[in-house]
Amino acid sequence: MSESGHSQPGLYERRRRWNRDKELGHQSLSGPGRDRDYVPWDRDRDRRDPMDEPVGSMMQKTPIILAKPPAERSKGAPPAAPAPAPAAAPPIEKPIVLMKSREEGKGPVGAIETSTQPPAAVAKVEKEGQRPTQPVYQIQNRGMGSTASSGVMDPVVGQAKLLAPERMKHSIKLVDDQMNWCDSAIDFLLDQTDVLVVGVLGLQGTGKSMVMSLLSANQPEEDQRTYVFRTQSQEIKERGGNQTSGIDFFITQERIIFLDTQPILSPSILDHLINNDRKLPPEYNLPHTYVEMQSLQIAAFLFTVCHVVIVVQDWFTDLSLYRFLQTAEMVKPSTPSPSHESSNSSGTDEGTEYYPHIVFLQNKAKRENFCPRNLKQMHLVVDKIMMHSHLKYKGTLSMLDCNIFPGLPPSYLDTEVNLFLLPFMDTDADDALPRAAPGSGPLFSLLPGYKGHPSFPSLIAKLRSQIMSMSRPQLSHTILTEKNWFHYAARIWDGVKKSSALAEYSRLLA
């Protein structure tokens, strides 16, 4: 028996019989033992095509049985089996889709390719498929608590976030009469950076509260008792008192903050301290020293936290007022610098120090103050007094650009400072003006008398437009929102009250 499973004597016997049949002239092949002898040959012939090779060559090869045994052939094997393939993994009845959101657009081909990848590649594709196909933007939910984590926003809370801030109807305290900071103003502030801060300084009775009310929310024809900053009543004027104490706060819908202050160097505050026997802080020995230090603290505070500071005076001019402004500039706290610049500072911080715009407002101006010759002299005096100051007292406001003096060219004023004139706000003044003589004609008798300046409502509107259009430089080295400004101002006020420069100046006054 050979390794191929065939008997060698049987092979030779078939060859000998084949030669014998050939010699007999191809006689009948039927015989008693034909079926038994050619059963293996018939089975092999089913496996190959007899036309592919001659009979002689077929007999010279050793037959190899590749088919199954006859018992298993009855199970329905295919007639032509393909080439044997290597052993494969058990078939998957249903493809596993690992990236459903991305494979829906690709069709079943992409799903089958994903399922046939190696395990390492499948894990990598699964990890990459978890990334979103489009950028995801997250809206920061401040103050929403559990709603931000759960992903469901309360409609009431969302509607409250979109509402406009409450409109202020009157001013509130930022610093009270005891020079203490108040926190009620933060409820009216937003987290946005487009804000303008305007402060005011002036002596007692110059009209600071009236000017700030007209610039912020009121009109000249309204009743003064409805102004957002309370003005002096007739009773207070008669007894020589002051209306505003500390610092008042008001913000408009245009996001402009107005700060009204108590009068500087006020005699009424000094009289109140002396007559009421109020106890002074231990660092101050005399009442007038305390009043002056309060005024310097307020002025130094405004020079640090305001974009524009309006200095109101009702006559031209008081030299002690300019001396006070220069002192406040000297003791003004320096602009806080970042931590990485504090070590590199060499002591000269003029390049990074902040100074506001200063506007000199001449309130209750008379007719002769609007004379071009007098106006030029006023600009020269202010420029000479403030020439050594770092405050921005010129270049940001101009009466010539407002068409108040249409006959004057822009080059009329050699050195134009931020000076603006406002006449008396008296509604009955037009009736008191002398009219033309009766014999001058019917037309001239109907015209009002010559005032020498535009009307008060026209001038206050021009002043408001110029104030609101001023530049808004950064108050510190970082951009501040409204709420950031509030916290920054609170820190500056606390620093002003504890300033060593002010303490040293107070000791020199004593």
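## Reading helix packing and ring pairs

Author: Of the 510 residues in this chain, 35% count as buried. Keep in mind as we go that this is a predicted model.

Reader: Thanks! What does the secondary structure of the chain come to?

Author: There are 22 helices and seven strands. As for contacts between residues at least 6 apart in sequence, 70% of them join residues at least 24 apart.

Reader: Let's start with helices, then. Which values describe two packed helices?

Author: Two of them: the angle between the axes and the distance between the axes.

Reader: Which residues of α14 and α22 meet?

Author: From α14 come Thr289, Glu292, Met293, Leu296 and Gln297, and they meet Leu502, Tyr505, Ser506 and Leu509 of α22.

Reader: Now the rings, please. How many aromatic pairs does the structure hold?

Author: The structure holds six aromatic pairs. To read one, look at the distance between ring centres and the angle between ring planes; planes under 30 degrees apart count as stacked, over 60 as edge-to-face and the rest as tilted. Take Tyr284 and Tyr290: their rings are 5.3 Å centre to centre with 50 degrees between the planes, a tilted pair. Both Tyr284 and Tyr290 are buried.

Reader: Why is the pair of Tyr322 and Phe360 tilted?

Author: The planes of Tyr322 and Phe360 are at 35 degrees, so the pair is tilted, and the ring centres lie 5.6 Å apart. Tyr322 sits in helix α15 (residues 319–330) and Phe360 in strand β6 (residues 357–365), so this pair ties together parts that are 38 residues apart in sequence.

Reader: Are Tyr322 and Phe360 buried or exposed?

Author: Residues under 20% relative accessible area count as buried. Tyr322 has 1% relative accessibility and therefore counts as buried; Phe360, at 0%, counts as buried too.

Reader: And which residues do ring pairs link into a cluster?

Author: Look for Trp181, Phe301, Phe486 and Trp493 in the structure above: ring pairs link these residues into a cluster.

Definitions and conventions
Residues are numbered from 1 along each chain as its sequence is written. This is a predicted model: local features need pLDDT of at least 70, side-chain atom pairs count only at pLDDT 80 or more; totals for chains, interfaces and linings use all residues. Side-chain values use heavy atoms; hydrogens and water are left out. Contact means heavy atoms within 4.5 Å. Helices (H or I, at least four residues) and strands (E, at least two) are DSSP runs, numbered from the N terminus. Rings of Phe, Tyr and Trp (its six-membered ring) pair if their centres lie within 6.5 Å; planes under 30 degrees apart count as stacked, over 60 as edge-to-face and the rest as tilted. Buried means under 20% relative accessible area, exposed over 50%, partly exposed in between (1.4 Å probe, protein chains only).
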